[in-house]
There are 2 protein chains.
Amino acid sequence: MEPWRVLESRCVYDAPPWMEILRQKVALPDGRIVEDYHLVQWRDYALIHAETKDGRVIMIRHYKHGVGRVNLTFPGGTIHEGEDPLEAARRELLEETGFAAKEWRLLLKCVVHANYGCGNVHFFQAFEAEPSQSPASGDLEQIEVVCLRRTAIQAARESGEIATLDTVTLALLAEARQ
Amino acid sequence: MEPWRVLESRCVYDAPPWMEILRQKVALPDGRIVEDYHLVQWRDYALIHAETKDGRVIMIRHYKHGVGRVNLTFPGGTIHEGEDPLEAARRELLEETGFAAKEWRLLLKCVVHANYGCGNVHFFQAFEAEPSQSPASGDLEQIEVVCLRRTAIQAARESGEIATLDTVTLALLAEARQ
């Protein structure tokens, strides 16, 4: 099963530093040529399932424009150029929620989209999280930090209060590791 | 927690019927104006966890250009204009794998990306899948249909042979429902 060969790659839309759309001319293994295959380049990001000593998980309730309504997500954000993914996860947890955690582990790194690419998401799990400073994310959203029991997260997943693919995935990954 | 108000919305890149990039001018609840918030519009799609009578799950091994290597995914594809999501799931399973299944249920519908939107993914679970016709997906990829035990899927998830967010999620959703 041969990989595709990229014959040409051209940036057709650019919104630095967030997004770049590439249009590629590719050769398939069967000899066909596709003139306009699109790849989407986003920055890699980290998403964090951080648990306090008393077994509550830190989440954020906010309006997200991609969803069009208020919903619950895990804290997280893009990994800066040259930044270690774990360091980015620590930074984002602190900036968004004010919490710092002692133990960390990478649960999974995967590609966001099979066809378009879209960079990688790094799912982290953290333990013994404690309030450390006031949140100051610098994000566009007004956020409410909430600490929820795992049963409440499962209920939020089933009710649609959790509405986005990556937060669903991290909730399931953490449940599977319970 | 107020939603953002869209003051202007302009298509800045269009690759019909696959993708449309919108640049919006939005008003945040705190009065700030953001001139260049991007939304990505992809078509909704279905992904299918279909199990045969003897407890094997139908997957596809193929080169995916967004990943850049051969990997395992569940069958699935975009929902056509006006098509019911369940009908799309039945059609994609049949076209890609040649299997038809008796019992179907929607496990979850969620938004692909919290910031960019990117449409919805509909995760289906199907039972009593049987070979019904020869696969003929019309997709660009050369595909190999494989029927795997759930334990093999879990191993593929942990080894990275499953490499993409949506297939990880559906594997976890099905494990949680076991």
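Modeller: Before we start, buried area is the accessible area (1.4 Å probe) that two parts lose on being put together, summed over both. This is a predicted model, where local features need pLDDT of at least 70, side-chain atom pairs count only at pLDDT 80 or more, and totals for chains, interfaces and linings use all residues. Residues are numbered from 1 along each chain as its sequence is written, chains are lettered from A in the order in which they are written, and side-chain values use heavy atoms, with hydrogens and water left out.

Colleague: Thanks! How much area do chain A and chain B bury between them?

Modeller: About 5,100 Å², with 71% of it on carbon and sulfur atoms. On the side of chain A, A:Met1, A:His65 and A:Leu165 lose the most area to chain B, together 16% of what that side buries.

Colleague: And how many residues are in contact?

Modeller: 59 residues of chain A are in contact with 59 residues of chain B, where contact means heavy atoms within 4.5 Å.

Colleague: What about polar contacts and salt bridges, how many of each?

Modeller: There are 17 residue pairs in polar contact between chain A and chain B, both residues at pLDDT 80 or more. A polar contact is a pair of N or O atoms within 3.5 Å; within protein, one must be able to donate a hydrogen and the other to accept it, and residues adjacent in sequence count only if both atoms are side-chain atoms. The salt bridge count is 0, a salt bridge being a side-chain nitrogen of Lys or Arg within 4 Å of a carboxyl oxygen of Asp or Glu.

Colleague: Which element gives the largest share of chain A's side?

Modeller: H3(A), with 7 residues. Other elements that give two or more residues include strands S1 (5-15), S5 (57-64) and S10 (117-131) of chain A. Helices (H or I, at least four residues) and strands (E, at least two) are DSSP runs, numbered from the N terminus.

Colleague: How do the residues on that side divide?

Modeller: Into 38 nonpolar, 11 polar and 10 charged. Here Ala, Val, Leu, Ile, Met, Phe, Trp, Tyr, Cys and Pro count as nonpolar, Asp, Glu, Lys and Arg as charged, and the others, Gly among them, as polar.

Colleague: Let's switch to S5(A). Is it mostly covered or open?

Modeller: Mostly covered, as 7 of its 8 residues are buried. Buried means under 20% relative accessible area, exposed over 50%, partly exposed in between (1.4 Å probe, protein chains only).

Colleague: What does S5(A) pair with?

Modeller: S5(A) pairs with S11(A) in the antiparallel sense over 6 bridges, and A:Ile58 stands opposite A:Cys147 there. S5(A) is also joined by 5 bridges to S6(A) (residues 69-73), again antiparallel, with A:His62 opposite A:Asn71. Two strands pair if DSSP finds at least two bridges between them.

Colleague: And what lies between S5(A) and S6(A)?

Modeller: The two form a hairpin with 4 residues between them, and A:Gly68 in the turn has a positive phi of about 85°.

Colleague: Which residues other than glycine have a positive phi?

Modeller: One of them is A:Glu128, near 55°, in S10(A); at 28% relative accessibility, A:Glu128 counts as partly exposed. Another is B:Cys118, at about 70°, in S10(B), and B:Cys118 counts as buried at 1%.

Colleague: Where are the cis peptide bonds you flagged?

Modeller: In chain A, from A:Pro16 to A:Pro17, with omega near 0°; A:Pro17 sits in the loop between S1 and S2. In chain B, the bond from B:Pro16 to B:Pro17 is cis, omega near 0°, and B:Pro17 lies in the loop between S1 (5-15) and S2 (19-27) of chain B.
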